[in-house]
Every structure is written in structure tokens, then in C-alpha cells.
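This briefing goes through one protein model, from overall build to single residues. Please have the sequence and the structure open while reading.

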Amino acid sequence: MSTPQPRANVAEIPPYVAGKPPTIRPGMTSYKLSSNENPYPPLPGVIEAVQAGVGAMNRYPDMGSSALYAALAETFGVPADHLSVATGSVGLIYQLVQAFCDPGDEVVFAWRSFEAYPIAVTAAAATAVKVPVLPDGRHDLDAMAAAVTDRTKVVLVCTPNNPTGPAVTQAELDALLARVPSHVLVVVDEAYLEFVRMDDAVDGIATYRRHDNVVLTRTFSKAYGLAGIRVGYAVAPAPIAAALRALSLPFGVSTIAQAAAIASLERRDELLERVDALVAERDRVVAGLRDVGWDVPDAQGNFVWFGLGERTRDFASAADEAGIVVRPFVGEGARVSIGESEANDRLISVAAVFAG
Ligand code: PMP
């Protein structure tokens, strides 16, 4: 008897490996450094805004997220019809691939990069074209431009790159945009934008204003510390933003997510001070690691990459023993989020053992 069968490519969708929670060890505080989360607890004002939304949970959210669009438009100085909000920026990446790719069309991206890219591409029955990152973890934008074919519909640029850490410069992005045909969508994934401290880094808003094929994806999960509440936004030319909104899951951004995002934008200065503190910790960790002999790539996000190769599993186990949970990419390396100072100190101690 025949049974309903999903499309053949559904079985090919790679799994998303979520960061593990910390192992509970009696008498020892354990830290989760495996998902690039923000270690600070939510601000009281954000919790209050969420609590107000909780009381309305018998009602659907504002499907148009109108107050959130207005707040984003004002904060970033862009028209509201150049925005699209979604269930995390990962939702936007799915929608972009769906909106622009027919089955078999190609999506070019760096690898290793954000693990949801091949998932979103395969889910849309498109073809992933992975361009290896350079030995120092940077995007090889020359090779990415060269990988564009007649079938390419989307190029994904992740800056800073998860999991390796470096960010793309404006000059590098401009050179890519000059080579990529204007009918190809260039997505700049700026999930970690607020952590970048590079004078020549990409200015996403200025770039999207100059190019009709550029879209920025951003999130409240990292700098704003709302990973658990799932809200991201895209900044794009009006027709692209409209396509994204058309593909949105109805009511995909909950009342509490809208409330938390708006309350966070209202408290942006305070949240960005926390980001400054995390950046200072990141720079302290990178310096500490280099002191003990680690040649870690430039870290522009809230995480550090260790190219450990075959030693990855051992490193992850040693970290676990020390009460920090990292994100291993078996056979390649480990990505470790910047967390509380104590957690970062433990990381430096564990890494010292693996240096050299
Ligand atoms: N892009 C990158 C590069 C990421 O690392 C992540 C989260 N790990 C996302 C997008 C998605 O984040 P969210 O869906 O929470 O907005």
C-alpha cells in the first residue's frame, strides 16, 4: 500500500545541531557557551513588557506587527515598508530562499558558516554551493563571486561569520557586489552586527540603500538577548521586503515577542552598553588565548573559533569537565560563546592545555 511521501529532498535536509545545555555537576556552576547567547538576564523593563503581553495570550498577536515596524523604522531610519519581521532571523533566511529560488536554483554561501543555510536551501529544493572559508576563517569573496552561475539566485554573506568569527570589510563586499549580476539577491546576515569593532566593516544600511539586490537580516537574539523569544528583522528594498512579508507565517511573531522587541529598542542604549562589556570580555579572551599560544581567528562576534581538527571531541570533553559547554563541529573545531567572566576564565584555562 502506498503512503504519502514527502518530497525526496526532505530526507536530505541536514539536521540542525542545537547547542547542548550544561552538564549538571554537584557543587559546580556550569555555563552554556554553545549557542552564542547573551549571558545577561533580560532587563526588568523588557520583562514587564512581556508580562503585559502574557495577559493577552488568548488573543492572536497583531499580525501586522505595526508597532514593532514603527519602532524599527524609527530606530534605523528606514521606511517601514523596507522591513520584514519574522520568527528569528532564521525565519527570514528560509523565506528569502523560498521566495527567490525555484527547485534546482543555486544558493552560494561560505562554508563553514551558519548551519541553517544548507537546511533552508535544501528545504526549498534549491542547491547549496559551498565555498570554503580561507584558512584564517574569512569569507573567500573572490571565490564566492566566481561560484555564481546562471542558476544562482542568492548569495549569502555572513558577517561576522558564524562559527569562525571574522567580519567582511566594506571594500570586500563592494567588490563582490560589483561582480554579482544585479538579478542575484545578496543577503548580508548581520546576526552579530552589534559586536563588530572594525573601522572598515560593512555598513549594511548604506549598502542596501545603494543596491536594489541587497537585503540585511538581523536579530534580537544576540545583542538584545531575546534568543528565547524568537524575533528577527530584514531591511530590504520595498519589493524584497514585500515578498518576505507575503511568505510570513501568519501570526509568526507572538505578542510577547513584539512587546519584548519594542521594549528592547526603547532600551537600546543600555543593551548596547552590555554589548560593549561583552566585546571587552571577547577581546580579553582572544588576548588570553593568544598569550597561551592559540592562533585564533579574528573574533568580531560574541564567540571564538578553535580550529582543533581531530582534537575537537577531546577539547569539548575537557571543557565539559571544567563546567563549560562548547559547540563542537566534530573533526573541524569548536565554537565557544563569550559568557560570564568566570566562564571565560575557565575557557582560557582549558584552551591552554590544548595550545600549540
Ligand atoms: N544568522 C547567524 C549567522 C546565526 O548565527 C544565527 C543564530 N545562531 C542566526 C542567523 C539566527 O538567529 P535567530 O533565528 O535567533 O534570529
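A residue is buried if 20 or more other C-beta atoms lie within 10 Å of its own, exposed if 12 or fewer, and partly exposed in between. Val296 has 20 other C-beta atoms within 10 Å and is therefore buried. The model is predicted. The protein has 12 helices and 12 strands, and 46% of its 356 residues are buried.

**Overall build**

- The radius of gyration is 20 Å, which agrees with the value near 21 Å that a compact globule of 356 residues would have.
- The C-alpha trace spans about 60 × 50 × 50 Å along the principal axes of the protein.
- Of the contacts between residues at least 6 apart in sequence, 73% join residues at least 24 apart.

**Packing of α3 and α4**

- Two packed helices are described by the angle between their axes and the distance between the axes.
- For α3 (residues 88–100) and α4 (residues 116–123), the angle is about 40 degrees and the axes are 9 Å apart.
- The crossing of α3 past α4 is right-handed.
- On the α3 side the contact involves Val90, Ile93, Tyr94 and Val97, and on the α4 side Ala116, Tyr117, Ala120, Val121 and Ala123.
- By class, this contact of α3 with α4 consists of 9 nonpolar residues, with no polar and no charged ones.

**Ligand surroundings**

- There are 13 residues around the ligand, and those that come nearest are Gly88, Ser89, Val90, Thr219 and Ser221.
- Helix α3 gives the most to this shell, with 3 residues.
- The shell around the ligand has 5 nonpolar, 7 polar and 1 charged residues.

**Backbone geometry**

- Most residues other than glycine have a negative phi, and most peptide bonds are trans.
- The peptide bond that joins Trp111 and Arg112 is cis, with omega about 10 degrees. Arg112 is in the loop between β3 (106–111) and α4.
- A cis peptide bond also runs from Thr159 to Pro160, with omega near -5 degrees. Pro160 belongs to the loop between β5 (152–158) and α6 (170–179).
- Asn36 has a positive phi, near 55 degrees, and is not a glycine. It is located in the loop between β1 (31–32) and α1 (44–54). Asn36 is buried because 23 other C-beta atoms lie within 10 Å.
- Arg230, again a residue other than glycine, has a positive phi near 65 degrees. Its place is in the loop between β7 (214–219) and β8 (232–235). Arg230 has 21 C-beta neighbours inside 10 Å, so it counts as buried.

**Leu289 and Val296**

- Leu289 is part of helix α10 (residues 268–291), while Val296 is in the loop between α10 and β9 (303–306).
- Leu289 is buried because 21 other C-beta atoms lie within 10 Å.
- Residues up to four places away in sequence not counted, Leu289 touches Trp294, Val296, Val304, Ile348 and Ala351.
- With neighbours within four places in sequence left aside, Val296 is in contact with Val286, Leu289, Arg290, Val304, Trp305 and Phe306.
- Val296 and Gly137 are 159 residues apart along the chain, and their C-alpha atoms are separated by 9.2 Å.
- Leu289 and Pro26 are 263 residues apart along the chain, and their C-alpha atoms are separated by 28 Å.

**Ala70**

- Ala70 is a residue of helix α2 (residues 66–76).
- Ala70 has 13 other C-beta atoms within 10 Å and so is partly exposed.
- Ala70 and Asn162 are 92 residues apart in sequence, and their C-alpha atoms are 30 Å apart in space.

Conventions
Residues numbered from 1 in each chain as written. Predicted model: local features only at pLDDT ≥ 70, side-chain atom pairs only at ≥ 80, totals over all residues. Axes fitted to C-alpha atoms, helices over the stretch in contact; angles between N-to-C directions. Helix = DSSP H or I, 4+ residues; strand = E, 2+ residues; numbered from the N terminus. Left-handed = near helix turned anticlockwise from the far one by under 90°. Contact = placed C-beta atoms within 7 Å. Nonpolar A, V, L, I, M, F, W, Y, C, P; charged D, E, K, R; others polar. Near = placed C-beta within 6 Å. Rg over C-alpha atoms; globule rule 2.2 N^0.38 Å.
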